[in-house]
Amino acid sequence: MPIIQAKNVSIRYITGDFKDIGLKEYIMRRLKGKFEVREFWADKNISFQLEKGDMLGIIGTNGAGKSTLLKAVSGIMKPTEGSIRVNGTIAALLELTTGFDADLTVKENTYLRGALLGYTRQFMDEKYQEIIDFAELEEFQDRSFKQLSSGMKSRLAFSIACLVSPDILILDEVLSVGDGQFRQKSGNKMKEILKSGVTGILVSHSMSQIRELCNKILWLDHGHQVAFGDDVKLLCDAYEQFITTKQLPANEEEIRKAAEAWCAGEAK
């Protein structure tokens, strides 16, 4: 049974809602025939399937629909069309400060975040010291969260998500934060987690991270699915060629040609 299965997932945003302008203004615009509702499809007909232990890398330029798709997989948003089936518990790092209270201490926030992820006090008691040690925040656990640097906050969020043993781990540009030493440490932790059978989804602009950690690739562009497959090198090469030329492949054959062109250029 697939751990995650997405079938023809489409997510629509509507602009021009009367809540944005107030009831009075809405009525006046309707009477004058000046109220317009616009639809924007952040994702359109996205399909993929992940088995236990897979690590999916989602690639695409800004505005491709990557983060919106992650929110749908995480259950934060409901697809407008299509369906997503998820079998297992999810730990998602979409926005690093989500689930934290600025006025609570690091320790209090660790337990709060654990509770939001559905874990018991007893479980968090067992994991707490491991989380703090990994995040390198031993000396800061009694400080308020707002006193931490952005790097410290990201280390804490990453540590909690990784060390609570989820079935599915979703990371949105998380491995690129922090200093070089912690990036290496978090990358090694991800490899360890994946070997244990956890299924992961990673969004990153670092193609070296995608190449190193992922065994499947989903390429999105302006909400549309360009490609999905397990030929990581081919798809990453083709994507990097696209970044250079801005010419989007129309089919698998063009993807292969783009990858070959990129490799030929690299060899020179």
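Start with helices α4 and α5, which meet in a right-handed crossing. You are looking at a predicted model, so read each stop below as a description of that model.

**Stop 1: α4 against α5**

Select residues 121-135 for α4 and residues 150-163 for α5; the two helices pack at an angle of about 135°, and their axes are 9 Å apart. That angle makes α4 oblique to α5. To see the contact, show side chains on both helices. On the α4 side, pick Lys-127, Glu-130, Ile-131, Ile-132, Phe-134 and Ala-135. On the α5 side, pick Arg-155, Leu-156, Phe-158, Ser-159, Ile-160 and Leu-163. If you colour this contact by class, you will find 8 nonpolar, 1 polar and 3 charged residues.

**Stop 2: the loop between α4 and α5**

Keep both helices on screen and move to the loop that links them. Glu-136 lies in this loop. Check its backbone: Glu-136 has a positive phi of about 60°, although it is not a glycine. With 37% relative accessibility, Glu-136 counts as partly exposed.

Now select Gln-141, which is found in the loop between α4 and α5 as well. Is Gln-141 buried or exposed? Gln-141 counts as buried, at 14% relative accessibility. Leaving aside residues up to four places away in sequence, Gln-141 touches Thr-105, Val-106, Lys-107, Tyr-128 and Ile-132. Next, draw a C-alpha to C-alpha distance from Gln-141 to Asn-109: the two are 9.4 Å apart in space and 32 residues apart in sequence. Asn-109 belongs to helix α3, and that helix is where the tour goes next.

**Stop 3: helix α3 and what covers it**

Select residues 106-116 to bring up α3. Which residues of this helix are buried? They are Val-106, Asn-109, Thr-110, Tyr-111, Arg-113 and Gly-114. The cover over these buried residues includes β5 (90-93), α4 and α5. Before moving on, step just past the end of α3 to Gly-118, which takes a positive phi of about 95°.

**Stop 4: α3 against α4**

Show α3 and α4 together. Their axes come within 10 Å and cross at roughly 130°, and the two helices are therefore oblique to each other. The crossing of α3 and α4 is right-handed. From α3, the contact takes in Val-106, Lys-107, Thr-110, Tyr-111 and Gly-114; from α4, select Arg-121, Met-124, Asp-125, Tyr-128, Ile-131 and Ile-132. By class, the contact of α3 with α4 holds 6 nonpolar, 2 polar and 3 charged residues.

**Stop 5: α3 against α5**

How far apart are the axes of α3 and α5, and at what angle do the helices pack? The axes are 10 Å apart and the angle is about 40°, so α3 and α5 are oblique to each other. Here again, α3 passes α5 in a right-handed crossing. Select Val-106, Thr-110 and Arg-113 in α3, then Leu-156, Ala-157 and Ile-160 in α5, to see where they meet. This contact has 4 nonpolar, 1 polar and 1 charged residues.

**Stop 6: a strand residue with positive phi**

Phi of Asn-45 is near 55°, a positive value in a residue other than glycine. Asn-45 is partly exposed, with a relative accessible area of 42%.

**Stop 7: two cysteines**

Now select Cys-214 and Cys-236. For scale, a disulfide needs the two sulfur atoms within 2.5 Å. Cys-214 counts as buried at 7% relative accessibility, and Cys-236 is buried too, at 0%. A search of the whole structure finds 0 disulfides.

**Last stop: zoom out**

The protein chain has 9 helices and 9 strands. Of its 268 residues, 46% count as buried. Among contacts between residues at least 6 apart in sequence, 69% join residues at least 24 apart.

Terms used:
Residues are numbered from 1 along each chain as its sequence is written. This is a predicted model: local features need pLDDT of at least 70, side-chain atom pairs count only at pLDDT 80 or more; totals for chains, interfaces and linings use all residues. Side-chain values use heavy atoms; hydrogens and water are left out. Axes are lines fitted to C-alpha atoms, for helices over the stretch in contact, and angles run from 0 to 180 degrees between N-to-C directions. Helices (H or I, at least four residues) and strands (E, at least two) are DSSP runs, numbered from the N terminus. Angles under 35 degrees count as roughly parallel, over 145 as roughly antiparallel, 65 to 115 as roughly perpendicular and the rest as oblique. A crossing is left-handed if the near helix is turned anticlockwise from the far one by less than a right angle, and right-handed if clockwise. Contact means heavy atoms within 4.5 Å. Ala, Val, Leu, Ile, Met, Phe, Trp, Tyr, Cys and Pro count as nonpolar, Asp, Glu, Lys and Arg as charged, and the others, Gly among them, as polar. Buried means under 20% relative accessible area, exposed over 50%, partly exposed in between (1.4 Å probe, protein chains only).
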